[in-house]
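Please keep the model open while reading.

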Amino acid sequence: MGKNFYFVLGVDRDAALADIQKSYRLLAVKHHPDRCNTEDSGKTFLAVAEAFDVLSDVKRRAIYDQFGEEGLRVGAPTVGEGRFSGTYTFHGDAEKVFREFFGGDNPYAEMFDFGISGNLRDAPEFGGMMGRARPQQAPDQLVKLPVSLQEVYRGCTKKLKVSRQVANDDRRTTTERNKLFNVVVPPGAEEGTKFRYKKEGDQGINMIPADLIFELESEEHPRFIRKGVDLHYRHTVMLWEALCGVWIEVRTLDDRFMTVPINDIISPGYQKVIEGEGLPYYNDRSKKGNMVIDFDVEFPKNLTPRQKEA
């Protein structure tokens, strides 16, 4: 005859999941090896872990209810072609079930939320409820996200491989592993914009994994300098061009060649503003900033006698 998982947990066959969780919580703490180090208690701790592993899973519980432990072991028949569902065998790691349920090695902060009191509050084996705090989240892991002005102008998806510390199964050591992330950068994303990936950062021992944050960092551009949504372009003209006027050609971020007439006298500090040729607004992509052309005037090093007379 197979195991009676309902009897092990002390619940009825129609017990709700909350009742199953409550029973496991009490029995797992009561018979945990660190709290009751006897052979019988160790066996009970393992038995309640297996019972909870089955009854807390909807599919496993349904198979167990209809076909018993044998149905889990060999698979349950499916409707139609005489096939069988996948098999299940308990992995035998009661501590793993315990850690996954309580979110760490200390169950008492979790149990405090459910109003459990009594001598468990002062249990010395776990340092007591007041001895260890609820697991804290590891500090944010910050990664710089270099983006070119062309990528900010159009929007892009950046692929970055990030090295993170990942907790091993023993929950006592970590291993450095790489993971590839696709970061979607919308058009007009501002300098310093942060893209947060919750709990994808470094994993500390008995800590909630850190949030992984990518911070946008604009790469230097050979022609333009970004100032908010405006693009500044610096152009040098000769003195006679500054006095008489000039046409200049500017290559834009989307690879257009734009001819700009300058009819004013170019004096120190003169700027030519071209509306709508800057970067798109981050929160309103229908609007764009301006292109601002800053001028430098190059004076001749010497003049001919005729030029001096003029």
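The notes below go topic by topic.

This is a predicted model: local features need pLDDT of at least 70, side-chain atom pairs count only at pLDDT 80 or more, and totals for chains, interfaces and linings use all residues. Residues are numbered from 1 along each chain as its sequence is written, and side-chain values use heavy atoms, with hydrogens and water left out.

**Helix H3 with helix H4**

- Helix H3 covers residues 39-55 and helix H4 covers residues 58-74. Helices (H or I, at least four residues) and strands (E, at least two) are DSSP runs, numbered from the N terminus.
- H3 and H4 pack at an angle of about 130°, and their axes lie 9 Å apart. Axes are lines fitted to C-alpha atoms, for helices over the stretch in contact, and angles run from 0 to 180 degrees between N-to-C directions.
- The pair is therefore oblique. Under 35 degrees counts as roughly parallel, over 145 as roughly antiparallel, 65 to 115 as roughly perpendicular, and the rest as oblique.
- From H3, Asp53, Val54 and Leu55 meet Arg60, Arg61, Tyr64 and Leu72 of H4. Contact means heavy atoms within 4.5 Å.
- This contact of H3 with H4 has four nonpolar, no polar and three charged residues. Ala, Val, Leu, Ile, Met, Phe, Trp, Tyr, Cys and Pro count as nonpolar, Asp, Glu, Lys and Arg as charged, and the others, Gly among them, as polar.

**Helix H3 with helix H5**

- H3 also packs with helix H5 (residues 94-102), at an angle of about 60° and with axes 9 Å apart.
- H3 and H5 are therefore oblique to each other.
- On the H3 side, Phe45, Leu46, Ala49 and Phe52 make the contact; on the H5 side, Ala94, Glu95, Val97, Phe98 and Phe101 do.
- By class, the contact of H3 with H5 has eight nonpolar, no polar and one charged residue.

**Cysteines**

- How many disulfides does a search of the whole structure find? The search finds zero, with a disulfide taken as a pair of cysteine sulfur atoms within 2.5 Å.
- Cys156 is buried at 15% relative accessible area, whereas Cys244 is exposed at 63%. Buried means under 20%, exposed over 50%, and partly exposed in between (1.4 Å probe, protein chains only).

**Arg164**

- Arg164 sits in strand S2 (residues 156-167).
- Arg164 is buried, with a relative accessible area of 10%.
- Setting aside residues up to four places away in sequence, Arg164 touches Gln141, Thr175, Glu176, Arg177, Lys179, Phe181, Glu200, Gly201 and Asp202.
- Gln141 is 23 residues from Arg164 along the chain, and their C-alpha atoms are separated by 8.9 Å.
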